[in-house]
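Please look over the sequence and the model shown here before reading on.

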Amino acid sequence: STLTVIGIEGSGDHGTAFFRVRYSDDSWWWAISAYELRDGRISHSRAFFAPDFEAPDWRAPYSETP
C-alpha cells in the first residue's frame with residue numbers, strides 16, 4: 001500500500017494528520033489520525049478510515065479531487 005500525507009494540523013500537544021491510502025487492490029481510502037503528544041512522542045492516537053467514493057450528483061459541484 002501507499003500512504004500520502006495530505007496535511008498535518010495542530011498546536012501544543014494535540015494534532016490531526018490527514019492521509020490518502022492506496023491499497024494493493026488499487027482502492028483509495030482516506031485516513032485521519034487525531035493524536036496527543038507527551039515528551040515529544042505520540043502518547044494517544046485515534047484513527048478513522050473511509051473508502052474514497054464518487055460524490056452524488058447533487059454534491060458534485062462542491063467536491064474536490066486531490
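Residues are called buried when their relative accessible area is under 20%, exposed when it is over 50%, and partly exposed in between, with a 1.4 Å probe and protein chains only. The model is predicted, so local features need pLDDT of at least 70 and side-chain atom pairs count only at pLDDT 80 or more, while totals for chains, interfaces and linings use all residues. Residues are numbered from 1 along each chain as its sequence is written, and side-chain values use heavy atoms, with hydrogens and water left out.

**Overall form**

- The protein has 0 helices and 4 strands, where helices (H or I, at least four residues) and strands (E, at least two) are DSSP runs numbered from the N terminus.
- The radius of gyration, taken over C-alpha atoms, is 15 Å for the protein, whereas a compact globule of 66 residues would have a value near 11 Å by the rule of 2.2 Å times the number of residues to the power 0.38.
- Along the principal axes, the C-alpha atoms fill a box of roughly 45 × 30 × 15 Å.

**Exposure**

- Of the 66 residues of the protein, 14% count as buried.
- The accessible surface of the protein, from the Shrake-Rupley method with a 1.4 Å probe, comes to about 5500 Å², and 52% of this belongs to carbon and sulfur atoms.

**Salt bridges**

- A search of the whole structure finds 2 salt bridges, each defined as a side-chain nitrogen of Lys or Arg within 4 Å of a carboxyl oxygen of Asp or Glu.
- In one of them, the side chains of Arg20 and Asp52 meet with an N to O distance of 3.3 Å; because Arg20 lies in strand E2 and Asp52 in the segment after E4, the pair ties together parts that are 32 residues apart in sequence.
- Arg20 is buried, with a relative accessible area of 11%, whereas Asp52 counts as partly exposed at 36% relative accessibility.
- Asp26 forms a salt bridge with Arg22, the closest N and O atoms being 3.6 Å apart, and Arg22 counts as partly exposed at 32% relative accessibility.

**Backbone in the loops**

- Most residues other than glycine have a negative phi.
- Asp26, found in the loop between strand E2 (14-22) and strand E3 (28-38), has a positive phi near 70°.
- Asp39, in the loop between E3 and strand E4 (41-51), has a positive phi near 55°, and Asp39 is exposed, with a relative accessible area of 77%.
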